[in-house]
Amino acid sequence: MISGATSVRGTSGTPMRVLVIGGTQFIGRLLVEELVKAGHEVHVLHRKPRHTLGKKVHNVVADRNNPESIRSAVGSTRFDVVYDNVYDWERGTTAAQVEATARIFDGRVSRYVFMSSVAAYGDGLNHHEGDALAPDDHPNLYARNKAMTERALFRMHQRTGLPIVTLRPPFVYGPGNPYYREAFFWDRFRAGRPVIVPSDGHRLMQFIYVHDLVDLAIRVAEFKNAVGHSFNTAHPRVLSQLEVVAELARVANVAPRIVSIPREEIYRSGGQVVGERLYFGDYYDLPAITEVVTKAQRMLAFKPTDFLYGL
């Protein structure tokens, strides 16, 4: 974890007004909790008329994919920091929608932090931040939207000075994870069921503990030299699927029963990467994309939590 992270403060050292777009689940929820704990005025934008984040958190009702809805809900309120965290998994969130949202705050915000993803690279291993992102015609909608959004936001930075920072996490784990991932394996262990490992189990995975990601999100709002940069945000250690299962079993203090089945056979039998017939946790069996995190370590003093310790 980032040790000694200080709270987001303005130039005068006073608390800041922060808007979190998508702050009711997992990453956003923890981010809101940490910001409130630090004494900031926090507003959460989402589609529901109420939230369960406590009385100190202001509720802003708007549709993330409808810029006019956001403009109307925000009105003339000025924010020091805007965190753009949410992605609409049902409809997708396009570059045009995020860019339109960013334009609402352009010229009236000190930092616009966009939660991107390692998926923005499209494919490949050991990516640095300067590597090319996925092309506009990439077959994966999520990767395409994240990559196109980053390009749009950095164009705005060049043209208008939008104080953009983007973060590119891989698999995020930790308390409150809404995806059936860590718990998928622990449930199988508790039920005495074997774990199916696709093919040889050598497909690579990379992780970040949710607390580390939130610490980084806060830190990029503090550091002036972060503006105009993207940051890979992960633990540098890359794990095979077999190693991931072993760590999950180790923290649960069980000896896992592992059954290796060819991936093609799993698919023929109806196994799903995501859905009701999961065989390896939500989206946990995807072609590997990994990244190098030396930039965040150098510029932001990033010290990621060990995977086993985080579990």
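A residue counts as buried when its relative accessible area is under 20%. The model here is predicted.

**Thr 149**

Thr 149 sits in helix H4. Its relative accessible area is 1%, so Thr 149 is buried. Which residues does Thr 149 touch, leaving aside those up to four places away in sequence? They are Thr 94, Ala 95, Val 98 and Phe 114.

| Side chain | Backbone atom reached | Distance |
|---|---|---|
| Thr 149 | nitrogen of Ala 95 | 3.5 Å |
| Thr 149 | oxygen of Asn 145 | 2.6 Å |

**The helix pair**

Now step back to the two helices. H3 covers residues 95-105, and H4 covers residues 141-160. Their axes lie 8 Å apart. The helices pack at an angle of about 30°. Angles under 35 degrees count as roughly parallel. H3 and H4 are therefore roughly parallel to each other. Their crossing is right-handed.

Which residues meet where H3 packs on H4? From H3 come Ala 95, Val 98, Glu 99, Ala 102 and Arg 103. From H4 come Met 148, Thr 149, Ala 152, Leu 153 and Met 156. Seven residues of this contact are nonpolar, one is polar and two are charged.

**Putting it together**

Thr 149 belongs to the H4 side of the contact. Ala 95 belongs to the H3 side. The side chain of Thr 149 reaches the backbone nitrogen of Ala 95. Val 98, another H3 residue in the contact, is also among the residues that Thr 149 touches.

Note on methods
Residues numbered from 1 in each chain as written. Predicted model: local features only at pLDDT ≥ 70, side-chain atom pairs only at ≥ 80, totals over all residues. Heavy atoms only, no water. Axes fitted to C-alpha atoms, helices over the stretch in contact; angles between N-to-C directions. Helix = DSSP H or I, 4+ residues; strand = E, 2+ residues; numbered from the N terminus. Parallel < 35°, antiparallel > 145°, perpendicular 65-115°, else oblique. Left-handed = near helix turned anticlockwise from the far one by under 90°. Contact = heavy atoms within 4.5 Å. Nonpolar A, V, L, I, M, F, W, Y, C, P; charged D, E, K, R; others polar. Buried < 20%, exposed > 50% of the residue type's maximum accessible area, 1.4 Å probe, protein only. Polar contact = N/O pair within 3.5 Å; in protein donor to acceptor, adjacent residues only side chain to side chain.
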